[in-house]
Amino acid sequence: NELGFLYSNDISDKEIGEHFLNELICVHCNTNIDKFNSLLIMIDKMYALVSERILPDNLDSLINQDVILSGHLYLMMIREKLEEALQGIKFKVFKDCTRAQEVAKM
């Protein structure tokens with residue numbers, strides 16, 4: 001149990017820190033140096049984004065497809081289809097109202 005490990009009084013702060021780094025931070029990196037370098041790159045990119053030196057990543061690009069969870073992908077697809085349906089309804093209502101106004105003027 002993860003919570004039992006983290007809240008045990010027998011565990012030192014160093015062991016908790018090592019567990020945190022090994023299991024929760026940049027789990028794809030093998031060494032702490034790789035994790036440190038990855039975090040530095042992420043922080044640098046965050047500052048560049050905030051200072052508007054770079055644009056946000058496009059979530060639809062192929063490079064981000066393995067990052068997106070399946071639930072997020074489904075949500076984006078549902079949202080896109082819902083927006084298309086709402087645009088269609090908006091167009092239909094606008095068209096009907098315009099037609100009604102033209103008939104009322106005659």
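Select Arg79 first. At 56% relative accessibility, Arg79 is exposed (exposed means over 50% relative accessible area, buried under 20%, partly exposed in between, with a 1.4 Å probe and protein chains only). This is a predicted model, in which local features need pLDDT of at least 70, side-chain atom pairs count only at pLDDT 80 or more, and totals for chains, interfaces and linings use all residues. Residues are numbered from 1 along each chain as its sequence is written, and side-chain values use heavy atoms, with hydrogens and water left out.

**Stop 1: helix H4**

Helices here are DSSP runs of H or I with at least four residues, strands are runs of E with at least two, and both are numbered from the N terminus. Glu83 is partly exposed, at 41% relative accessibility.

Now select Lys81 and Glu84. They form another salt bridge, and here the closest N and O atoms are 3.7 Å apart. This pair also lies in helix H4, three residues apart, or about one turn of the helix. Is Lys81 buried or exposed? Lys81 is exposed, at 53% relative accessibility. Glu84 is partly exposed, at 43%.

**Stop 2: from H3 into the loop**

Go to Lys45 and Asp57. Their closest N and O atoms are 2.9 Å apart, and the pair forms a salt bridge. Lys45 lies in helix H3 (residues 32–50) and Asp57 in the loop between H3 and helix H4 (70–105), so the bridge ties together parts that are 12 residues apart in sequence. Lys45 is partly exposed at 40% relative accessibility. Asp57 is partly exposed too, at 45%. How many salt bridges does the structure hold? It holds five.

Stay in the loop between H3 and H4 and pick Glu52. Look at its backbone. Most residues other than glycine have a negative phi. Glu52 is not a glycine, yet its phi is positive, about 60 degrees. Its relative accessible area is 70%, so Glu52 is exposed.

**Stop 3**

Select helix H2, residues 13–24.

Next, select Cys26. Where is it found? Cys26 is in the loop between helix H2 and H3. Its phi is positive, about 45 degrees, although Cys26 is not a glycine. With a relative accessible area of 12%, Cys26 is buried.

**Stop 3: the cysteines**

A disulfide is a pair of cysteine sulfur atoms within 2.5 Å. By this rule the structure has zero disulfides.

Finish at Cys97. Cys97 is partly exposed, at 42% relative accessibility.

Definitions and conventions:
A salt bridge is a side-chain nitrogen of Lys or Arg within 4 Å of a carboxyl oxygen of Asp or Glu.
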